[in-house]
Structure formats: structure tokens, C-alpha cells
Amino acid sequence: GIKNASSIKYFYATVCFALFLVSILFMFVQVPSFLKFNLPTEIALGNRISLNITKNAVQESTKNMLLGQGPSSFSRLFSLYKAAEFNSLNPYWSLKFVQPRSEILAIIAEVGILSALAFVSFILICIAFVVIHIKNIKKEILYDGDGTKIKRLALFAVFAALSMAMFIVSFQVVLWLLWWALFAAVAMSFQPEKFANNSVIAIDLHESPQYNLSLSFITVLVFITLVAFGTYLGRIYAAEVSYAKAVRTQGLPVQEKVNLLTKSVEYRNSYTPYRLALAQIALEEALRLSDSKVQTEKDAAGNLYNYSVAQARVAAELNPKNVDTWRILAVMYGYALKVSPDVAGLALNALEKATNLEPSNPIFYNQKANIYAFQGKDAEAQANYRKAIEQKPDLLLSYQNYASYLFAINKLNESIDVLASAYQYANGNIDYLLSMSSLYIRR
């Protein structure tokens with residue numbers, strides 16, 4: 001490589017070397033404040049929990065092991081197979097993760113072992129082909145005058161490194177686009193000589209009625225397909241614009257938010273997040289108007305509540321495997337319990353569906369226990385309170401709800417025992433200390 005030293009751009013080489021030295025220096029000294037950026041905190045799953053979720057997903061059935069549970073289904077798998085120990089002493093226990101630690105685990109869980117093996121084999125075949133090609137290159141030819149072969153090898157090194165990164169980190173859209181672009185570049189750079197020397201392929205097409213008819217048909221078909229696909233993407237874009245404006249704009253009137261989300265629903269009728277957002281906004285406005293003394297506003301609150309329940313029901317029907325649809329539907333029913341006790345069964349049914357999809361969520365057991373307590377079903381209420389504590393022992397809400405229920409049924413000593421068992425997790429919590437002192441005073 002020394003004989004090609006005259007072709008090196010010394011200015012760029014000096015700049016790269018200087019940046020390299022500065023980066024090493026920053027490893028030992030503090031980075032200046034003007035070079036620091038306030039980037040949002042990124043939280044990712046650990047290797048162990050990612051591996052456990054993937055293992056549980058492929059062990060559910062032979063079909064899931066071979067073919068997976070569908071693309072982009074890891075968030076549902078996370079809710080379904082998240083262990084209860086993930087909740088304990090974890091400030092991020094309520095977050096829903098949509099990707100595992102590494103991309104290869106996501107491929108195995110979502111599209112199965114067969115697809116993962118095929119994809120890995122595809123990468124290995126590509127790497128083997130390039131390695132065989134490199135071995136056939138004479139050493140003196142490798143160092144050609146313009147450095148083309150060195151550039152091709154550098155391109156391949158980046159592609160191989162990015163492929164190996166799939167076993168370490170998860171990929172977003174940008175990394176996937178970069179991987180496919182590098183794959184295409186490597187494939188073109190290391191294509192066999194017989195294809196490279198004949199890059200222009202001529203196809204002789206004679207003028208004939210059959211050819212003209214076929215060309216016209218294909219042209220019209222391609223044009224219609226492009227128009228239809230463009231219209232579909234345009235509707236998605238318009239729906240996202242309306243949704244983002246309704247959710248993120250501060251101080252926007254409620255009616256305008258409802259109108260924007262209604263447009264989003266019209267553009268993408270089967271997309272549940274739009275309906276859930278519409279249901280939540282309608283419910284918030286209904287709760288606000290329900291405290292009014294004006295009868296017309298109270299009537300409007302009732303209509304908004306019915307509308308929010310209807311949207312949540314449709315969302316649950318459209319996507320019954322989404323835990324958020326059942327959670328929000330249960331909340332809708334919960335607000336109507338005092339006015340209409342008959343909806344308790346509907347709320348419990350929604351919570352049961354949510355629990356089946358996320359069995360380690362302590363909030364669902366808390367809510368079920370509260371409804372059973374409202375119905376006067378002592379055994380079911382206490383069982384669900386204990387289950388909530390079991391799923392997350394450091395959640396004070398479970399202890400406080402359980403203790404309040406025991407106190408309400410004249411079990412003061414048991415109520416104190418329940419609250420006392422949570423003392424190690426209180427950390428000076430004011431609400432907990434007040435509840436504890438109140439029970440001791442009553443005893």
C-alpha cells in the first residue's frame with residue numbers, strides 16, 4: 001500500500017487523524033458543554049428478558065416456533081410473556097417495549113425459526129461469496145491505482161459489521177434501509193465478471209399487434225397500481241397529520257380535537273390508535289361536563305360518554321389482541337359503575353380479556369378487585385388484591401386498596417397487617433404514612 005501513498009489526500013487524512021485523537025482525548029477528560037446535546041433517554045430491554053420472551057413465544061406451539069406470530073408482534077409478545085419479576089423494583093415496569101435487545105431475537109419471535117435461519121443463511125452465503133471472490137484476486141491487483149478494490153472491500157466490511165450488529169442491537173427503519181442499500185451495493189460491486197462485462201442486455205422486440213397490446217395493458221396496469229398505492233399512502237399521511245395535530249397541539253378546543261380525530265378515523269377506519277385517542281378525549285370532556293350544574297352540559301356529557309364507549313368497543317372488535325383496547329374499555333365502564341351498577345359485568349369481562357393478554361400487570365388485578373369489592377364479593381376481591389401484590393410487591397396502590405377494603409368490612413387488624421407489610425417499600429410516601437397512622441389511631 002506504500003506505493004499508492006502519493007494518491008492519498010493528505011488534508012482529509014490529517015482531519016480524520018485529528019478527529020480520532022480528539023475522540024480518544026474525550027475518553028479521559030470531560031466533554032465541553034457546547035459539544036453536549038440534550039438527547040432523549042433511550043430505554044431498551046435487557047438480554048435476559050428479551051431471550052426469555054422469545055423462548056416463551058417459540059415454545060407456545062409448533063406453528064409459532066416455525067412461522068412466528070406475525071411481523072411487528074413483539075409488543076404483544078412482551079405483554080403476554082413478561083415475567084412478574086420484571087415489575088419488581090423497576091421504575092420502567094409500566095412501559096411497553098416493542099423490540100427486544102437484538103434484531104435477530106425479533107426475527108425469531110415474530111416470523112419464526114425457519115425465517116430466521118433462512119435470513120442468516122442468506123447473509124452467510126453473501127459473505128462466503130465475497131470471501132471467495134477476494135481470495136481469487138491477486139495481491140498486486142488488489143492495490144490498483146484508483147483504489148476501487150479497496151473501496152469495495154471497505155464497503156463489504158461495513159455491510160458485514162452491520163449484519164453482525166443484528167445479534168447485538170435492534171434495528172429501526174433507518175438501519176434496515178442502510179442494510180439493504182449496503183447489500184445492493186455489495187452485490188453490484190462483487191458481481192461475477194461475466195455479468196459485469198455484459199452490463200447492457202439487448203432484448204429484440206418486434207413491432208406486432210400482440211406486443212403493442214401487451215405493452216398498453218402493462219402500462220395501464222402499472223399506472224393504476226401506482227395511483228392506487230399513492231392514494232393509499234396519501235390517506236395514511238393525511239390521517240397521521242390530523243392525529244398528530246389533535247394529540248400534540250396545546251390548548252386546542254375539544255371539539256376541534258374530536259373533528260381532527262374523526263377525520264383520521266375516516267381515512268384509516270381500521271386503525272385502532274385513532275379510535276382509542278378519540279375515546280379518551282371524549283371521556284375526558286364528558287367527565288368535565290358532568291360536574292356542571294347546567295342541564296344541557298350534563299346531557300352533552302352523557303352523549304360524549306356513550307360516544308367514547310362506542311369508539312372503545314369498535315377498537316376492541318377491530319383489534320382484540322391489543323391489550324390497550326380492553327384496558328381503555330374497562331376504564332370507560334368503570335366510570336359508569338356508580339350510576340349503572342349493571343356495567344360491572346362488562347368491566348370485568350374487559351379486564352379479564354386484558355389480563356389474558358398481559359397476565360403480569362398488577363393494575364388489572366387491582367381494578368378487578370375494586371369491582372368485586374363494589375359487588376360485595378369478598379373472596380374474589382381479596383384473591384385479586386393478593387394477586388396484584390404478588391405481581392408487583394413494591395406497588396403501594398395494591399396495599400392501600402386492599403387495606404381500605406378490609407377496613408370497610410370491619411377487619412381493622414388485617415387492614416393494618418396489610419399496610420405494615422408494605423413498609424419496606426414506602427420510602428417516606430406521605431399517602432402511605434397517613435393511611436397507616438389513621439388505622440393505628442382507629443385501633
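Predicted model: local features only at pLDDT ≥ 70, side-chain atom pairs only at ≥ 80, totals over all residues.
**Packing of helix 14 and helix 15**

- The crossing of helix 14 past helix 15 is left-handed.
- On the side of helix 14, the contact is formed by Val-323, Trp-326, Arg-327, Leu-329, Ala-330 and Tyr-333.
- Helix 15 contributes Leu-346, Ala-347, Ala-350, Leu-351, Lys-353, Ala-354 and Leu-357 to the contact.
- By class, the residues of this contact comprise 11 nonpolar and 2 charged, with no polar ones.

**Aromatic pairs**

- The structure contains 17 aromatic pairs.
- One of them joins Phe-119 and Trp-179, with ring centres 5.4 Å apart and planes at 40°, so this pair is tilted.
- Phe-119 belongs to helix 5 (residues 103-135) and Trp-179 to helix 8 (residues 173-189), so the pair ties together parts that are 60 residues apart in sequence.

**Model confidence**

- The protein chain has a mean pLDDT of 86, and 91% of its residues reach 70 or more.
- Confidence in the protein chain is highest in helix 17 (residues 378-391), at a mean of 96.
- Confidence is lowest in helix 6 (residues 139-142), where the mean is 49.

Technical notes. Residues numbered from 1 in each chain as written. Heavy atoms only, no water. Left-handed = near helix turned anticlockwise from the far one by under 90°. Helix = DSSP H or I, 4+ residues; strand = E, 2+ residues; numbered from the N terminus. Contact = heavy atoms within 4.5 Å. Nonpolar A, V, L, I, M, F, W, Y, C, P; charged D, E, K, R; others polar. pLDDT = per-residue confidence, 0-100. Phe/Tyr/Trp six-rings, centres within 6.5 Å; stacked < 30°, edge-to-face > 60°.
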